[in-house]
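Trainee: Hi, could you walk me through this one? I'd like to start with a single residue and then zoom out.
Mentor: Happy to, let's have a look.

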Amino acid sequence: MTSAEPVHIRDESIRLGQLLKLAGLVEDGAMARAVIANGEVTVDGEVETRRGAQVSAGSVVAHAGQQIEVVTGEPEVDVPW
């Protein structure tokens, strides 16, 4: 697997299904439901089968060979002078 890409969220946690959509790991809610129910998603190395599971900042989520790390706050933007 590659290193975890940061995914920024506004609050302290986010539902797993929403996170997968936000990160672009799935196309829509139906796909999120399917991959989670099939045991294809891990949170911090453990299989998670609840679409509504709360994922907190600092957690690492993996699906289909991709890893994301949940980060709170806005991403830093490199603004040219």
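Trainee: Is G65 buried, exposed or partly exposed?
Mentor: This is a predicted model, and in it G65 has a relative accessibility of 39%. Buried means under 20% and exposed means over 50%, so G65 counts as partly exposed.

Trainee: Where is G65 found?
Mentor: G65 sits in the loop between β6 (60-63) and β7 (66-72).

Trainee: Zooming out, how many helices and strands does the protein chain have?
Mentor: There are 2 helices and 7 strands. In sequence order the pattern reads β-β-α-α-β-β-β-β-β.

Trainee: How compact is the protein chain?
Mentor: Its radius of gyration is 13 Å, close to the 12 Å that the globule rule gives for 81 residues, so the chain is as compact as a globular protein of that length. The C-alpha trace spans about 50 × 25 × 20 Å along its principal axes.

Trainee: What share of the residues is buried?
Mentor: 28% of the 81 residues count as buried. The accessible surface comes to about 5,400 Å², and carbon and sulfur atoms account for 46% of that surface.

Trainee: New topic: how many positive and negative side chains are there?
Mentor: The chain carries 6 positive and 13 negative side chains, and the centres of the two sets lie 13 Å apart.

Note on methods. Residues numbered from 1 in each chain as written. Predicted model: local features only at pLDDT ≥ 70, side-chain atom pairs only at ≥ 80, totals over all residues. Heavy atoms only, no water. Helix = DSSP H or I, 4+ residues; strand = E, 2+ residues; numbered from the N terminus. Rg over C-alpha atoms; globule rule 2.2 N^0.38 Å. Buried < 20%, exposed > 50% of the residue type's maximum accessible area, 1.4 Å probe, protein only. Areas by Shrake-Rupley, 256 points an atom, 1.4 Å probe, with all protein chains shown as cover. Lys, Arg positive; Asp, Glu negative; His and termini not counted. Charge placed at Lys NZ, Arg CZ, Asp CG, Glu CD.
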